[in-house]
Amino acid sequence: MKELRTLPDGSITYELYRKRVKNMNLRVTASGVVRVSASPRVPLGMIEEFICRHRAFIEKALRNRKSRGGHPMVPAVDTEIMVMGKMYRVMLEKPHTVSAYLEASSQDSPRDSLLNGNLLEDKPLQVCSSKGGISRGRPSQGKTSTYAVTVVEDILLARYPSDPNVLDASKVERMWLNFWKAIGQGFMEKLAQQVHDEFQQAGYTVPIPTLRLRYMTSRWGSCMPVKEVITMNTRLLLGPTEFAHYVMVHEFAHFIEANHSSRFYKVMSDVLPTWQQVKAEMKVYYT
């Protein structure tokens, strides 16, 4: 259960989650939301004392978040972004704009494509809310408290409450992260199948892994060979598809060699001879 609270002196507003956890935990999200989780048995006074002890950490984290301009997965309105190799414009939903798009759109579900530059082909209508998942349907018009993203052709329509004073940064962040996971899962699964075939053609036997997708700050992907699980960073969706392909090859190579040994890089070169060039381009792109 989430509870929005503010310290008695008004200095820090935070989200309090009561969970069955052994220790109190504190973090500052990329969008600048302070979150604390604690057992239901921990008194509120002890929680606030815990926050005060970490005031310096919180203030530094908030300054860093502000200087970076918000969460990298939350695009600004009225900007163009690349999503899986295709350019999309992010727009704020307006009733007349939505009606015009809906008249020309189909009610069938969209089909995603792997590496041909088309994220969502000619069936544009999708909605993803802050609660997760994508559903079909007509976006609501007028005032609404719903946070949602609708894909219409080459437009990402962001729906926020019409009153900017009630905008909840944590809900905006959650809405976009859920959206990227929802549209990216199928893409990554198809990419994994493609990379699996490339390894087979290069003479390597590898499993078809379980694919997970989540936002990560310190790595582009991870592999658990024993469990046959690969996790890909959702940030890879915001860019050319060859970068996601390179990371997928890298993670698959760990099924052959767990460490970054000379054998590991031989596997990389056998499957993707241009991996070093792609890695260098990727570093420049995401810097």
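The model is predicted, so local features are given only where pLDDT is at least 70 and side-chain atom pairs only at pLDDT 80 or more, while totals for chains, interfaces and linings use all residues. Residues are numbered from 1 along each chain as its sequence is written, and side-chain values use heavy atoms, with hydrogens and water left out. Helices (H or I, at least four residues) and strands (E, at least two) are DSSP runs, numbered from the N terminus.

**The second largest pocket**

- The second largest pocket holds about 390 Å³ of space, where a pocket is an open set of points on a 1 Å grid over the protein atoms alone, at which a 1.4 Å probe fits, with protein on both sides within 12 Å along at least five of seven lines.
- The volume is the space filled by probe spheres set on the points, and grid points are joined across faces, edges and corners.
- Its lining consists of 19 residues, and those nearest the centre of the pocket are Trp-220, Tyr-246, His-250, Glu-251 and His-260; a lining residue has an atom within 4 Å of a point.
- Strand E12 (221-224), helix H5 (241-253) and helix H7 (275-285) are the elements that each give two or more residues to this lining.
- Sorted by class, the lining has 10 nonpolar, five polar and four charged residues, with Ala, Val, Leu, Ile, Met, Phe, Trp, Tyr, Cys and Pro counted as nonpolar, Asp, Glu, Lys and Arg as charged, and the others, Gly among them, as polar.

**Helix packing around H5**

- The axes used here are lines fitted to C-alpha atoms, for helices over the stretch in contact, and the angles run from 0 to 180 degrees between N-to-C directions.
- H5 and H7 pack at an angle of about 120° with their axes 10 Å apart, and the two helices are therefore oblique to each other; angles under 35 degrees count as roughly parallel, over 145 as roughly antiparallel, 65 to 115 as roughly perpendicular and the rest as oblique.
- The crossing in which H5 passes H7 is left-handed, a term used if the near helix is turned anticlockwise from the far one by less than a right angle, with right-handed used if clockwise.
- Helix H4 (residues 169-201) packs against H5 at about 55°, with the axes 10 Å apart, which makes H4 oblique to H5; H4 passes H5 in a right-handed crossing.
- H5 and helix H6 (residues 262-271) cross at roughly 135°, and their axes come within 9 Å, an arrangement that makes H5 oblique to H6; H5 passes H6 in a right-handed crossing.

- Gly-239, in the loop between E13 and H5, is buried with a relative accessible area of 0%, where buried means under 20% relative accessible area, exposed over 50% and partly exposed in between (1.4 Å probe, protein chains only).
- Gly-239 and Tyr-286 are 47 residues apart in sequence, yet their C-alpha atoms are 8.6 Å apart in space.
- Lys-227 lies in the loop between E12 and strand E13 (229-233) and is exposed, with a relative accessible area of 62%; its C-alpha is 8.4 Å from that of Pro-209, a residue 18 positions away in sequence.
- Asp-197 belongs to helix H4 and counts as partly exposed at 34% relative accessibility; the C-alpha atoms of Asp-197 and Ile-208, 11 residues apart along the chain, are separated by 9.5 Å.

**Residues in or between other strands**

- Met-84, in the loop between strand E5 (79-83) and strand E6 (86-92), has a phi near 50°, a positive value in a residue other than glycine, and is buried at a relative accessible area of 3%.
- Glu-153 also has a positive phi, about 55°, although it is not a glycine; Glu-153 is placed in the loop between strand E9 (148-152) and strand E10 (155-159) and is partly exposed, with a relative accessible area of 40%.
- Ser-37 lies in strand E4 (residues 34-38) and counts as buried at 12% relative accessibility; the C-alpha atoms of Ser-37 and Glu-15, which are 22 residues apart along the chain, are separated by 8.3 Å.
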